[in-house]
Amino acid sequence: MKENAVITIISITIIVLNMMMIIVLDIKNAIMMVTMAEIMVATMTEVMAVTTAEVTVATTAEVTVATMAEVTVATMAVVKDVAAVGAGCFNLINN
């Protein structure tokens, strides 16, 4: 009779230990999933920030260059026209 009780206690102990092991593994898996999610979010945030900064710098540079080129061409046309008017006025004065 005592042998059956000891076997029963050992069996229950093994079952409890197995259940505890399963619970520990589940907790470990949950922690790993949360950690991986945090790493993914942090990495994606960094990648997005760097990409956005690069795109902004490149776009700003392109817009600045294009705008400056257009302004320069327009200014040169105005200077040319003013020079032509000035030369015409000089010719009228001298004639």
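Ile15 sits in helix 1, where helices (H or I, at least four residues) and strands (E, at least two) are DSSP runs numbered from the N terminus. The model is predicted, so local features need pLDDT of at least 70 and side-chain atom pairs count only at pLDDT 80 or more, while totals for chains, interfaces and linings use all residues. Residues are numbered from 1 along each chain as its sequence is written, and side-chain values use heavy atoms, with hydrogens and water left out.

With a relative accessibility of 49%, Ile15 counts as partly exposed; that class lies between buried (under 20% relative accessible area) and exposed (over 50%), with a 1.4 Å probe and protein chains only. Asn4 lies eleven residues from Ile15 in sequence, and 16 Å separates the two from C-alpha to C-alpha.

Helix 1 covers residues 2-94 and also holds Leu17. Together with Ile12, Val16 and Met20, Leu17 makes a nonpolar surface patch of about 370 Å².

Turning to the whole chain, its secondary structure comes to one helix and zero strands. The radius of gyration, taken over C-alpha atoms, is 41 Å, well over the 12 Å from the globule rule (2.2 Å times the number of residues to the power 0.38) for 95 residues, so the chain is more spread out than a compact globule. The C-alpha trace spans about 140 × 10 × 5 Å along its principal axes. Of the 95 residues, 0% count as buried.

Key
Patches are made of residues with over 30% relative accessible area and no salt bridge: like charges are joined within 9 Å, nonpolar side chains (Val, Leu, Ile, Met, Phe, Trp, Tyr) within 5 Å. Accessible areas come from the Shrake-Rupley method with a 1.4 Å probe; for residues, only the protein chains shown count as cover. A salt bridge is a side-chain nitrogen of Lys or Arg within 4 Å of a carboxyl oxygen of Asp or Glu.
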